[in-house]
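Here's a quick briefing to read alongside the coordinates. Have the viewer open and follow along.

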Amino acid sequence: MRFDILTIFPAIFDSYFGESIINRAREKKIIRINVHDLRRWAGDKHKTVDDTPYGGGAGMVFKIEPIFKALKALKDAKKKTRIILFSAKGKIFTQKDTRRLAKYDRLIMICGRYEGVDERVAGHLADEEISIGEYVLTGGEIPAMAVVDSISRLVPGVLGNSQSLNEESFGNCDLKTGNSDMEYPHYTKPEIFKKWKVPPVLLSGHHKKIEKWRKKAAKRK
Ligand SMILES: C[S@@+](CC[C@H](N)C(=O)[O-])C[C@H]1O[C@@H](n2cnc3c(N)ncnc32)[C@H](O)[C@@H]1O
C-alpha cells in the first residue's frame with residue numbers, strides 16, 4: 001500500500017512516521033509513505049501555493065493549479081487510487097472508512113492550511129473530503145497521520161498479531177447497521193493499586209468465564 005501526502009510542511013511527518021510500528025512497516029516495505037512538498041508544483045520563483053479569496057474575507061486559500069499539477073505527476077493509471085482532501089467540513093472518518101480505504105493500492109492525500117483549499121479541488125479533483133472530527137485544526141497534517149496510521153494497521157504484515165485486529169474496538173462492525181463492538185477492558189500488574197483491584201475473574205485462570213466476562217464488559221463499554 002502506498003500513501004502520497006501533499007503538504008507545505010513535509011518535516012511534520014518525520015518524527016511520527018519514523019517511529020515504532022509504522023517505521024518498521026516502512027522498513028520492511030509493507031507500506032510506502034511519500035511526503036511531497038506542494039511548493040514543488042508552484043508556478044513562480046517564490047513557490048506560491050496560496051492566494052487571497054475571491055469575494056474578500058480573511059486569510060489565504062490554497063490555489064488549484066499546484067494541486068492539479070501534483071496530482072497529475074503522482075497519479076498512476078495502473079494503480080487503484082483514491083484522492084482524499086482533508087477538510088473540517090468533510091465526512092467524519094470512522095473505522096468503517098479505514099477498511100474501505102485499505103482496499104486501494106494508493107491513497108493521495110491533500111493537507112490544507114490557512115483558510116482552506118479552493119473549492120474546485122473538492123468538486124473536481126478529490127474523490128472524497130474527510131474530516132477527523134468536529135473541530136478545526138490548523139492544517140491537514142494531523143488528519144493525514146491519523147488516516148495513514150489507522151489504515152496501515154489493517155495492511156497484512158504491519159501488526160505482528162493479526163488476531164488482535166478482530167478483538168479491537170470497532171473490529172466487528174456490522175457494515176449494514178454500523179453497530180460495532182468495543183474492545184473489552186485490559187488490566188495488568190499490580191493486582192491491587194491503592195484500593196483498586198483487578199476483576200477477580202481475570203485471575204481465575206478459567207478461560208470460559210474470562211471470555212464471558214470480557215464479552216459482557218465490552219458490551220457495557
Ligand atoms: C484552518 S483549517 C481551515 C478551516 C476552514 N476555514 C473551515 O472553517 O472549515 C485548514 C486546513 O486544516 C485541515 N483541517 C482542519 N480541521 C480539520 C478536520 N477536523 N479534519 C480534517 N482536516 C481538517 C483542512 O485541510 C483545512 O483545509
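Lys 194 sits in the loop between E8 and strand E9 (196-197), and has a positive phi of about 55° despite not being a glycine. Keep in mind that this is a predicted model: local features need pLDDT of at least 70, side-chain atom pairs count only at pLDDT 80 or more, and totals for chains, interfaces and linings use all residues. Residues are numbered from 1 along each chain as its sequence is written.

- Most residues other than glycine have a negative phi, and most peptide bonds are trans.
- Lys 47 is another non-glycine with a positive phi, about 60°, and lies in the loop between E2 and strand E3 (50-51).
- Lys 47 counts as partly exposed because it has 14 C-beta neighbours inside 10 Å.
- Lys 189 and Pro 190 are joined by a cis peptide bond, with omega about 5°.
- Pro 190 is in the loop between helix H7 (163-167) and strand E8 (192-193).

**Overall layout**
- The chain has 8 helices and 9 strands, which are DSSP runs (H or I, at least four residues, for helices; E, at least two, for strands) numbered from the N terminus.
- Along the principal axes, the C-alpha atoms fill a box of roughly 70 × 40 × 40 Å.
- The domain assignment gives domain 1 (2-152) and domain 2 (184-220), with bounds from an automatic or database assignment.
- The C-alpha centres of domain 1 and domain 2 are 41 Å apart.
- Of the 221 residues, 23% count as buried.
- Among contacts (C-beta atoms, placed from the backbone, within 7 Å) with a separation of 6 or more, 73% are between residues 24 or more positions apart.

**The nonpolar core**
- The largest nonpolar core has 34 residues, and Leu 6, Ile 84, Phe 86, Met 109, Ile 110 and Ala 144 touch the most other members; such a core is a set of buried Ala, Val, Leu, Ile, Met, Phe, Trp, Tyr and Cys residues joined through C-beta atoms within 7 Å.
- Elements giving two or more residues to this core include strand E1 (2-7), strand E6 (106-110) and helix H6 (141-152), and H6 gives the most, with 5 residues.
- Leaving out residues up to four places away in sequence, Leu 6 touches His 36, Leu 38, Ile 67, Ala 70, Met 109, Ile 110 and Cys 111.

**Helix H3**
- Pro 66, Ile 67 and Ala 70 are buried in H3.
- Viewed down the axis of H3, the buried residues fall within an arc of 95°, so they line one face; the arc is taken over the directions from the helix axis to the C-beta atoms.
- The cover over those buried residues includes E1, E2, E4, E6 and H5.

**Arg 113**
- Arg 113 is in the loop between E6 and helix H5 (119-125), and counts as buried because it has 21 C-beta neighbours inside 10 Å.
- Beyond its neighbours within four places in sequence, Arg 113 is in contact with Ile 8, Phe 62 and Gly 139.

**Around the ligand**
- Of the 20 residues around the ligand, Phe 86, Ala 88, Gly 112, Leu 137 and Gly 140 come nearest; a residue is near if its C-beta atom, placed from the backbone, lies within 6 Å.
- Strand E5 (residues 81-92) gives the most to this shell, with 4 residues.

Conventions
Buried ≥ 20, exposed ≤ 12 C-beta atoms within 10 Å, placed from the backbone. Contact = placed C-beta atoms within 7 Å.
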